[in-house]
Amino acid sequence: MNSLFKIPPGSPDDLTSLDDLRTRLISLIGKEFKLTKKSRTDGSNNRKLIAKTLEAYPLPEPAFEDGYEIIPPKKKGVPKILREFIDTYIVTSGKSYNLQVWNRYPNSDSLLIEYESGHKLKCKDVRFVLTKVNVETSKISSIFILTPEYIVERFNKFGKPTIKHQLLISKKIRSKIYASDDRIMFFNDTKKLSYYLKHDFTQPNDKMIEDPKANQILSLKLIKETIAEELIGSKIESADTKNRGQALERKVLELLGYSTEQLHGGFPDIPNQLLEVKIQDTQTVDLGKYSPQIEEVINSELDLTTRDVRYLIALTNPDTLVIEGLILAPGEKLGDVFSYVSDKSYKCQRSIPMSFFDSYDGKVVINPKYESD
């Protein structure tokens, strides 16, 4: 495959439109495609065929070498045909097709590429090109151009991978926070949570392990004013990151007016305030079992999800153990600035009925209506 495809477009706006992609791929319908029955080989051959076909047309202008940053370490989860932000798949036979996406949660806001201009390309922006091959004739029978949003809306969410969730906070972002006036990166609460917030500080009556109550949840703005600014410059001493995290949690509880005798140990760390407390002295933050990247209901009474949970992340100096900066943000905002990663490779899967693919024989389609509806 041409090395030009390994360079991202100059801007998300430069990507070839879905309609133009469809027009350019029509020539592949009926083209011979010999299956080797080796999934990796067939997948590679399909990707090369798609790339070669697109190469015959004008490609998006490339990004300047110093004009962008690929966020995930080792380019994990970044689409193979990067210039057009496309991942390719090959569909053959069976009752259903198991779509597997490696190292990213497809329909999420997690960052993949960030441009110096401020533009961003996220997981949800990747375009899926699925090539259906007729195993009897060894010819391409149809091609599907699908977006992650369409797949989720039509066929339901991708399966949740069993992974250890991590958040990558780059040195570049740290430097920006340290250079700001208050050394705090701040975002307001989610719109849903805003209806349940309290905007004046009073000593809490409930225990910190109790579920949050409407009009008793301190707004992030109030938390910033009352405790976040107190944390900047303070020292969190302990032997390891886990114990420092617990020490920070106790300090936050104390500043909020809760008892510090016993920590919760669940998610979020301070349930009564829907607050997760993290400490970061390396490039990644361990998120544990739950991640805002995958929306899950954690409080059914108020219909609150992992996206509504607030995160207080203390950026500490690993040598001095002093808090040099803070991040205060609801879960839904983390993917706008940072990238979700995993220490191991993982895959997200979604089963699609083969009848869906059979409905469009001889066509190249974009997010089609399922004719069985």
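Start by selecting Cys123 and Cys348: the sulfur of Cys123 lies 8.9 Å from the closest cysteine sulfur, in Cys348, too far for a bond. A disulfide here means a pair of cysteine sulfur atoms within 2.5 Å. Searching the whole structure turns up zero disulfides.

This is a predicted model, where local features need pLDDT of at least 70, side-chain atom pairs count only at pLDDT 80 or more, and totals for chains, interfaces and linings use all residues. Residues are numbered from 1 along each chain as its sequence is written, and side-chain values use heavy atoms, with hydrogens and water left out.

Stay on the cysteines. Cys123 counts as buried, at 1% relative accessibility. Cys348 is buried too, at 0%. Buried means under 20% relative accessible area, with a 1.4 Å probe and protein chains only.

Next, select residues 220-231, helix 6. A helix is a DSSP run of H or I, at least four residues, numbered from the N terminus. Its buried residues are Leu220, Leu222, Ile223, Lys224, Ile227, Ala228 and Leu231. Step on to Gly233, which follows helix 6 and has a positive phi, near 90°.

On a 1 Å grid over the protein atoms alone, a cavity is a set of points where a 1.4 Å probe fits but cannot get out; lining residues have an atom within 4 Å of a point. The structure holds three cavities of 30 Å³ or more.

Select its lining, which includes Lys198, Asp206, Tyr258 and Gln273.

Finish at the second largest cavity, about 70 Å³ in volume. Among its lining residues are Glu69, Glu114, Lys172 and Phe338.

Methods:
Buried < 20%, exposed > 50% of the residue type's maximum accessible area, 1.4 Å probe, protein only. Helix = DSSP H or I, 4+ residues; strand = E, 2+ residues; numbered from the N terminus. 1 Å grid on protein atoms, 1.4 Å probe; cavity = no way out; pocket = protein on both sides within 12 Å on 5 of 7 lines; lining within 4 Å. Points joined across faces, edges and corners; volume = space filled by probe spheres on them.
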